[in-house]
Amino acid sequence: SLTNMERCSECCLKCLSGIPYASLIATILLYAGVALFCGCGHEALSGTVTILQTYFDVVRSPVDALDVFTMIDIFKYVIYGVAAAFFVYGILLMVEGFFTTGAIRDLYGDFKITTCGRCVSAWFIMLTYIFMLAWLGVTAFSSLPVFMYFNIWNTCQNTTLVESSNLCFDLRQFGIVSIGEEKKLCTASENFIKMCESNELDLTFHLFVCALAGAGAAVIAMVHYLMVLSANWAYVKDACRMQKYEDIKSKEEQELHDIHSTRSKERLNAYT
């Protein structure tokens, strides 16, 4: 019937009005950025291993030494941890957004619940600020391999224009190998030509670019979360004050009502 349809539409509108859209947008942006950074970063690191072993003739150390391959393996495990941690953190921020939206719109609970919401919002603000600084560092760190691969990729694109020059890339300049180990690749060598003709260099370079874009998206998501959490904290704080005001007002009205009732009874007793 029409009445049931109206009730259903009102219920849907009420549910939609309780969704924290700002937190939802920030969560989607965070998940997209973290997925882009972790997925592309992981594959780019794997491509880097292949390029180092195939074209620069870098060999993995037989002992448990802290060489470039061990560092790449550590970075891969860090990527696994980042993906899992921020998946959980995004869920927690969405739950906080739903909780705060309910406290603001419907004034669910009493003063204790709104105080708890304010404490949770303040804690998430501090944590999100720390994560934002961390992602800024990750973004800056991700730009280093992009710069390195851009130099090599650009040299491959322009190597036919300047045939007489012989440019060399020494891994010791980037700290990838030790000073005593010479791993140099020059434009006149056959390995350099093979590397430029292969798809591995182009794919790895663009994967690092996508990973950098993902880290930047995560920074934007953290800034968005900071704005949302700050607004939620302010709104919950106002809700706490309003709840205090309503409690004090109701108590005063009750006291006035009791005083009025007592005086009425005294007057009635005096008249009788």
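Biologist: Accessible areas come from the Shrake-Rupley method with a 1.4 Å probe. What does the accessible surface of the protein come to, then?

Modeller: The model is a predicted one, and its accessible surface comes to about 16800 Å², with 66% of that area belonging to carbon and sulfur atoms. Of the 272 residues in the protein, 32% are buried.

Biologist: What is the secondary structure, and what pattern does the protein follow along the sequence?

Modeller: There are 6 helices and 2 strands, and reading along the sequence gives α-α-α-α-β-β-α-α. Among contacts with a separation of 6 or more, 79% are between residues 24 or more positions apart.

Biologist: Where does UniProt place the "transmembrane region" feature?

Modeller: The unreviewed UniProt entry puts that feature at residues 21-45, 77-99, 120-141 and 205-235. In the model, residues 21-45 are 100% helix, with end C-alpha atoms 35 Å apart, and residues 205-235 are also 100% helix, with end C-alpha atoms 45 Å apart.

Biologist: On to cysteines: how many disulfides does a search of the whole structure find?

Modeller: The search finds 2 disulfides, and with bonded cysteines counted along the chain they follow the pattern 1-4, 2-3. One of them joins Cys156 and Cys196, whose sulfur atoms lie 1.9 Å apart. This pair links distant parts of the chain, since Cys156 sits in helix α4 (residues 111-158) and Cys196 in helix α5 (residues 190-197), 40 residues apart. The other joins Cys168 to Cys186, with an S to S distance of 1.9 Å, and it links strand β1 (residues 168-170), which holds Cys168, to strand β2 (residues 184-186), which holds Cys186, across 18 residues of sequence.

Biologist: Is the link of Cys156 and Cys196 left-handed or right-handed? And the link of Cys168 and Cys186, left-handed or right-handed?

Modeller: The link of Cys156 and Cys196 is left-handed, with -65° about the S-S bond, whereas the link of Cys168 and Cys186 is right-handed, with 95° about that bond.

Biologist: Changing topic, which residues have the most contacts inside the largest nonpolar core?

Modeller: That core has 48 residues, and those with the most contacts inside it are Leu30, Phe56, Val58, Phe86, Trp135 and Met195. The elements giving two or more residues to it are α2 (21-54), α3 (68-105), α4, α5 and α6 (199-271), and α6 gives the most, with 13 residues.

Biologist: What does Trp135 touch, leaving out residues up to four places away in sequence?

Modeller: With those left out, Trp135 touches Val34, Phe37, Val82, Phe86, Ala215, Ala218, Val219 and Met222.

Biologist: And how many salt bridges does the search find?

Modeller: The search of the whole structure finds 3 salt bridges. One of them is between the side chains of Arg60 and Asp73, at 3.3 Å from N to O. Arg60 lies in the loop between α2 and α3 and Asp73 in helix α3, so this pair ties together parts that are 13 residues apart in sequence. Another brings together Asp170 and Arg172, at 2.8 Å, and there is also one between Lys194 and Glu190, at 3.4 Å. Lys194 and Glu190 both lie in helix α5, 4 residues apart, or about one turn of the helix.

Technical notes:
Residues numbered from 1 in each chain as written. Predicted model: local features only at pLDDT ≥ 70, side-chain atom pairs only at ≥ 80, totals over all residues. Heavy atoms only, no water. UniProt positions renumbered as here; feature names shortened; annotations may be inferred. Disulfide = S-S within 2.5 Å. Core = buried A, V, L, I, M, F, W, Y, C linked by side-chain atoms within 4.5 Å. Buried < 20%, exposed > 50% of the residue type's maximum accessible area, 1.4 Å probe, protein only. Contact = heavy atoms within 4.5 Å. Salt bridge = Lys/Arg side-chain N within 4 Å of Asp/Glu carboxyl O.
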